[in-house]
Amino acid sequence: MFMFVPAACTPMAQPLDAGIISKFKSVLRRLYGEWIIKLVSDHLGPDRTGDPKTFVVPNSLPLLRGLI
């Protein structure tokens with residue numbers, strides 16, 4: 001069964017999203033940002049001479065699951 005939910009009703013339908021889940025998402029975003037910064041820094045090397053065009057963001061599910 002499909003149900004239409006009007007815009008801006010998420011806080012009423014999912015009250016945890018406004019508090020607990022949003023804090024969890026915020027922590028995950030920060031950790032992901034720190035991880036990517038470290039990967040890019042490692043790729044460029046200590047003297048920053050690496051080629052940034054060759055950097056690829058790892059996005060395979062098995063790899064990402066292994067980080068948890």
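Accessible areas here come from the Shrake-Rupley method with a 1.4 Å probe, and for residues only the protein chains shown count as cover. On that basis, the chain has an accessible surface of about 6,200 Å², and 69% of this belongs to carbon and sulfur atoms. The model is a predicted one, so local features need pLDDT of at least 70 and side-chain atom pairs count only at pLDDT 80 or more, while totals for chains, interfaces and linings use all residues. Residues are numbered from 1 along each chain as its sequence is written, and side-chain values use heavy atoms, with hydrogens and water left out.

What does the overall fold look like? The chain has 4 helices and 0 strands, and its elements run α-α-α-α from the N terminus on. (Helices are DSSP runs of H or I with at least four residues, strands are runs of E with at least two, and numbering starts at the N terminus.) The C-alpha trace spans about 55 × 25 × 25 Å along its principal axes. The radius of gyration, taken over C-alpha atoms, is 19 Å, whereas a compact globule of 68 residues would come out near 11 Å; the globule rule is 2.2 Å times the number of residues to the power 0.38.

Helix α3 comes next. This helix covers residues 20-44. Its 25 residues should span 36 Å at 1.5 Å a residue, and the end C-alpha atoms are 37 Å apart, which agrees. (The expected span is 1.5 Å times one less than the number of residues.)

Now for the side chains. The structure holds 2 salt bridges, each being a side-chain nitrogen of Lys or Arg within 4 Å of a carboxyl oxygen of Asp or Glu. One links Glu-34 with Arg-30, with the closest N and O atoms 3.1 Å apart. Glu-34 is partly exposed at 43% relative accessibility, and so is Arg-30 at 47%. The other joins Asp-42 to Lys-38, with the closest N and O atoms 2.7 Å apart. Glu-34 and Arg-30 sit 4 residues apart in α3, so about one helical turn separates them; Asp-42 and Lys-38 are likewise 4 residues apart in α3, about one helical turn. Why does such spacing matter? An α-helix has 3.6 residues a turn, so residues three or four places apart point the same way.

A search of the whole structure finds 1 aromatic pair. Tyr-32 and Trp-35 make up this tilted pair, at 5.8 Å centre to centre and 50 degrees between the planes. (Rings of Phe, Tyr and Trp, the last by its six-membered ring, pair if their centres lie within 6.5 Å; planes under 30 degrees apart are stacked, over 60 edge-to-face, and the rest tilted.) Tyr-32 is partly exposed at 44% relative accessible area, and Trp-35 is partly exposed at 21%.Phe-24, Val-27, Leu-28 and Leu-31 make a nonpolar surface patch of about 370 Å². (Patches use residues with over 30% relative accessible area and no salt bridge, joining like charges within 9 Å and nonpolar side chains, namely Val, Leu, Ile, Met, Phe, Trp and Tyr, within 5 Å.) Val-27 is partly exposed, at 38% relative accessibility.

Just after α3, Gly-45 takes a positive phi of about 90 degrees. Arg-48, in the loop between α3 and α4 (61-66), has a positive phi of about 60 degrees although it is not a glycine.

Terms used: Buried means under 20% relative accessible area, exposed over 50%, partly exposed in between (1.4 Å probe, protein chains only).
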